[in-house]
2 protein chains.
Amino acid sequence: MTDTDTDAVDCEIRQSLDRVSSQMRRNYGESLRELNLYAGQDNLLYRLWLGDGITQMQLCEHLKCEPPTVTNMVKTLEQNGFIYRKKDGADARVMRIFLTDEGRALQQPVEDKWRELREKLLHGIPEADRLVLRTLMRHMENNLA
Amino acid sequence: MTDTDTDAVDCEIRQSLDRVSSQMRRNYGESLRELNLYAGQDNLLYRLWLGDGITQMQLCEHLKCEPPTVTNMVKTLEQNGFIYRKKDGADARVMRIFLTDEGRALQQPVEDKWRELREKLLHGIPEADRLVLRTLMRHMENNLA
DNA sequence: ATGATAAATTTAGCCTGCTAAATATCGGGA
DNA sequence: TCCCGATATTTAGCAGGCTAAATTTATCAT
């Protein structure tokens, strides 16, 4: 295989990854709207379903985004009644984020959407290839970290 | 392999794809800013490098996004001096988009950024696996379309 | 104890994206 | 010819995401 071929493959992978990710976001952003959620908010809630009462900085780390982004997302989710904020007793700088009952109730519906999405995404890809794909995804994830 | 294992693999793939795509966007959004560009604008310019003077609707199709998004991106890129808009002679509804010299000059630097990005992304993944990955990416892309 | 530094959050102001609705123009049929 | 539906773009307003800078509170060394 020539260098040119190699390059062409690499190009295609990056472009395809770009298209898949934006298409994925568009697709399930749309379906999340049926639950009164926007794309990205599901990941924040997911972290809270694992255990709430955490700080905004912890949410930043989990979402791998900047503090102002969390401030805004938290504000919106609070306005929509899915979470609430409470000042930490020991350290007045930190805000701790908790789920409301409505926020908790979203877990099952959101997980259903995720399942739908990944069934659509992986449809027709055999088991063995999915294992390979997982390995390659992990590899790329580590490369970017 | 049990159904539960299968499900776990699928979950991981979707999550990893999510993390890779947001990390990728963050990474190269940052490096594009050195060129006075924002993530996403490079794709619009790419279409123009293939041939400019096209309409905003054609840009929509290429970017797979909605008309208002193109209106905004075009406005910003015009203000920053990379493109200019010109009314179509035959049909007064359509705007045709052209590259300025500055816009044309971005091609090489942007392609360098892309190369850097894909080298980082695919580092350590052997040729054979990249071919498999390309196939799988294409498959997922078709599944979402 | 005080004063400087560090950490958590917010504010302001961008950008890509979206939807819903308005505007402008084109084209075909009665 | 005139009107009506289709097409291209824009406007308004919202969301996630970013950076730079401000604010509040803690902590640590002097």
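I am working from a predicted model.

**DNA strand C**

I started with the residues around DNA strand C and found 27 of them. Gln56(A), Pro68(A), Gly40(B), Cys65(B) and Pro68(B) come nearest. H4(B) gives the most, with five residues. I sorted the surface by class: twelve residues are nonpolar, nine polar and six charged.

**Chain B against chain A**

Next I checked the protein-protein side. I found 42 residues of chain B in contact with 41 residues of chain A. On the chain B side, H1 (3-32), H6 (107-122) and H7 (127-144) each supply at least two residues.

**H2 and H3 of chain B**

How do H2(B) and H3(B) lie relative to each other? H2 (residues 41-49) and H3 (residues 56-63) of chain B pack at an angle of about 120 degrees. Their axes are 10 Å apart. The two helices are therefore oblique to each other. I noted the crossing as right-handed.

Which residues meet here? From H2(B) I listed Asn43(B), Leu44(B) and Arg47(B). They meet Leu59(B), His62(B) and Leu63(B) of H3(B). I count this contact as three nonpolar residues, two polar and one charged.

Note on methods
Residues are numbered from 1 along each chain as its sequence is written. Chains are lettered from A and ligands numbered from 1 in the order in which they are written. This is a predicted model: local features need pLDDT of at least 70, side-chain atom pairs count only at pLDDT 80 or more; totals for chains, interfaces and linings use all residues. A residue is near a molecule or strand if its C-beta atom, placed from the backbone, lies within 6 Å of it. Helices (H or I, at least four residues) and strands (E, at least two) are DSSP runs, numbered from the N terminus. Ala, Val, Leu, Ile, Met, Phe, Trp, Tyr, Cys and Pro count as nonpolar, Asp, Glu, Lys and Arg as charged, and the others, Gly among them, as polar. Two residues are in contact if their C-beta atoms, placed from the backbone, lie within 7 Å. Axes are lines fitted to C-alpha atoms, for helices over the stretch in contact, and angles run from 0 to 180 degrees between N-to-C directions. Angles under 35 degrees count as roughly parallel, over 145 as roughly antiparallel, 65 to 115 as roughly perpendicular and the rest as oblique. A crossing is left-handed if the near helix is turned anticlockwise from the far one by less than a right angle, and right-handed if clockwise.
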